[in-house]
Amino acid sequence: MERLVKNRHRCLRSGRLTVLCLTLLFMSLATVAESAPPVTVTLDPPSFAVDQSAILTITINDARGSIAELPEVDGLLFQNQRQSRQQQIVIGPHSSSVYSFSTMFEVYASRPGTFTIPPIPVMIDGQRVLTEALTVEITPAAEDSQTTADIEQLAFLRISPVKEENYLGELLPVEIKAYFRQGLRASLNSQPRLNGEGFVLTQPAEQPLQTQEMVNNIPYAVLAWSGALSGIKEGKHALSFAIDASLLLPSNNRQRRRSTNDPFFGNDIFAEFFNQQQVQEKKIQIVSKEMNLQVLPLPVEARPPDFQGAIGSFALQVQAQPVEVGPGDPITLTMTVEGTGNFELIKAPVLSEAEGWKSYQPSAKFTPGARPGQGSKVFEQAIIAKNSDKTAIPAVVFSFFNPESGTYQTLQSDPIALHGQDQNPEDQGKPLVSHEHDSKVGRQQPKATEAPEEADNDGHKEPETAMLNLGPLHVRLGALQPQITPLFTRLSFQIVVLLSVLLLVTLTLLKLRVSLRTANPALSRQQEMLCLLELRLQEMKHTREQGDVHNFLAACRKAMQEQLGLLWQTEPEAITLADLRQHLAVEAPLLTIFATAENSAYIGSTMSSQEMADYAAQVERELRQLR
Amino acid sequence: MTVHSRLSLFLSLLFFVVIGGFCGLCLAGESNSNEQFLAANQAYEAGDLATAIEIYESLAAHAGVSASLCYNLSNSYARNGQIGKAVAGYERALLLAPGDKDIRTTLQLLRQDNGLLTEHISVRQQLATLLGLNQWTALAAFLLVAMALLQLAAWFFPVAAKVSWSVTAGCLLLLAICLAGVLVQYQNWQQAVIISPETSLLISPFAGAESTHIIEEGRLVRIMKVHNNYALINDDQGRRGWIPGSSFERIAVTMADQPKP
């Protein structure tokens, strides 16, 4: 019993061992079978964007083989085939070495989508083996969405705070700042501009102020323009500012994604060595955040009668010169309005009591201040007292609307006392205008401090003219013309110019022709031969029609001599029958005709008109062929 | 005397009568114009500016214009306080007589007195205004004719190629300078002058439009566009806007103003 049990245990042990061995054998076989398929195909990365590429690797294990053909997949492109050979040494009780051959392609996609690379046929030891099919996902290029977000980080506009409620025509100083990330290569393509209606932006300085600022601990280069906004239309308006710029960004177009151990595509050695990076210029429009501004109308209540549209905060200074005057003498009133506001629309202050005074049109000069809207405007106005009883220049008033207080304000200067000339002898050295002029006519110059010109050539005094710095009148009328038109609109002028141009063009063409002929003697000779031939043919025809055989043959001979002389570069008269025999073929018709013509010159000859016609035709044909 | 001789005599007499009559009419017209001109001058001297202006304007409308007429009329306007019209008249006179120092100096002083002087005049403008448009044009035409005649002379009397080329190159260079002068002066020719005091520059071409700037009387402006009775202008200070047609006066007739055939 005990033996039976032992035998049973032995059997069980041996059976288990057998099963274990068999299991191990199958497992090892399966492992070998799984670990070394004949052909493998991989794509790295398995999914990529349209503007990127991937590497397709076909590996043939432990055998030599070649790819029979690459499949054609609509939307995919396989390029730049490379091969590599790898050896894997297995160390152990059964040491061996395994070779593998890899063929790699760069894969590009022309559009997003899902593509299937069908099985690729590979020839291994004369047998056709197919790889597995691969599915690849192509995603859209991430450039735009990323770039827009990136650009907002790289460059942006900020506008200084502006009052949300303002009045029609009020000047609102504004600072426009363009931020560019430090180190970014950018260039401006425009000045800041206003997007929206109801406001105008006064021209900011062309050259912005350049500074640096930190925003969220990121350094930015800042360009700042100072300008001013002015509402021109009542109501609520949405506004923003914009500027055009070009940024030089690193190019990610066709950027390769490669594994770092890729022996062929992984590292761009030269790009790294020279530290070069491909960049692309991107034109962008930087737009600020939108602002909502309300433009209010100017109040009608309590509007001063002399209000002329000035809005802001101003001060007024008034000076008069001279203050020692006689009746009718001009006085220059200098009125300076300074402060902050819409100086463009500010008109000259007015006299509070204009009666008894003649005022002339004032001149104005604006001197801008440090900030937009700041400055001073100086008005110079000539005034003349109409009556001699005026003892002071009345107060000058200037009204404006103050947007801060929302009320109208009126500035009024003090009256300026006037003195008669005789009252203060010490001031007589001051330059004053003449007392002798007629105050009814003539306009006074604002700077009435220069001595008047005394007289014109005839000795006739022109007080008003002198004050206005006008020259004397012309006494001769001169040539009258119906209209002041440019000379080049007149027909006679156009004809002269046209003729000159035609003459110039003709002469230039002629000169060109001559120079061409000079440069090409063959052409010149050909032209000369043709002219002479036509002349002789005319002569031959004429003599033939008259039946003059002697002269006809002489013309034939002369034609031949001239043409051959030009051709052979010899004197035509020196050409004889012997020369013709030397240069021409024996059966040449010209030989016969020339011989006949020579004989005729000495002994004369007779010919029928038909013979003459035949000779003429032969001569013409043969000589034309010479050219 | 034969019939033929009589006919010849009659035709000769007729010719002389017609020519004589024409010359007489011209001289009479000229004499009449001169009388009017002197009468206007006398009115000016007497301080009767309204009469002087009326006579000068009538003369210009019926007989035509000359540099002296424009100048005297402008003097009258200036004394009458019409600065814009005075500037326009002086500019007109300068087109006809660019070298007249009286006109140039008077215009400059008038501008200076009225704050109308341009602060910065480019070198190009300074060079171009050395001569008037018609003078630049005449000089260019003269050079063209001279070039043609020289080429013709060289055709009949050949000269050394170097001399011929040098003369031609010199002429072409001068011609180019003249054409540049013509171009700049023609642009100036197309300018207009503000004749209304303190004209508002409007943002749109209609009466109720908002004003952005005030432009002074006598200021030179360039007409960019015309719409109905308004013109879009800009001046040498870069101000731009619409102004009513009645507030400016063109200095001269331009190609665009000429009647189309």
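B:Asn228 sits in the loop of chain B that runs between β4 (220–227) and β5 (230–235); helices (H or I, at least four residues) and strands (E, at least two) are DSSP runs, numbered from the N terminus. The model is a predicted one, in which local features need pLDDT of at least 70, side-chain atom pairs count only at pLDDT 80 or more, and totals for chains, interfaces and linings use all residues. Residues are numbered from 1 along each chain as its sequence is written, while chains are lettered from A and ligands numbered from 1 in the order in which they are written.

Most residues other than glycine have a negative phi, and most peptide bonds are trans. B:Asn228 counts as exposed because it has 9 C-beta neighbours inside 10 Å. Here a residue is buried if 20 or more other C-beta atoms lie within 10 Å of its own, exposed if 12 or fewer, and partly exposed in between, with C-beta atoms placed from the backbone.

Chain A has a case of its own in A:Gln569, a non-glycine residue with a positive phi of about 60°. A:Gln569 belongs to the loop between α7 (549–568) and α8 (577–583) of chain A, and it counts as exposed, since 7 C-beta neighbours fall inside 10 Å.

Then there are the cis peptide bonds. One goes from A:Asp44 to A:Pro45, with omega near -5°, and A:Pro45 is in the loop between β1 (39–44) and β2 (47–49) of chain A. Another links A:Gln321 to A:Pro322, with omega near -10°; A:Pro322 is found in the loop between β23 (312–321) and β24 (330–341) of chain A.

As for chain A overall, it has 10 helices and 32 strands. Of its 627 residues, 24% are buried. Among contacts in chain A with a separation of 6 or more, 72% come from residues 24 or more positions apart, a contact being two residues whose C-beta atoms, placed from the backbone, lie within 7 Å.

Turning to the interface, 47 residues of chain A are in contact with 58 residues of chain B. On the chain B side, α1 (3–45), α3 (67–79), α4 (83–96), α5 (101–113), α7 (133–156), α8 (161–189) and β3 (211–215) each supply at least two residues. The largest share, 12 residues, comes from α7(B). That side of chain B divides into 30 nonpolar residues (Ala, Val, Leu, Ile, Met, Phe, Trp, Tyr, Cys and Pro), seven charged (Asp, Glu, Lys and Arg) and 21 polar (the others, Gly among them).
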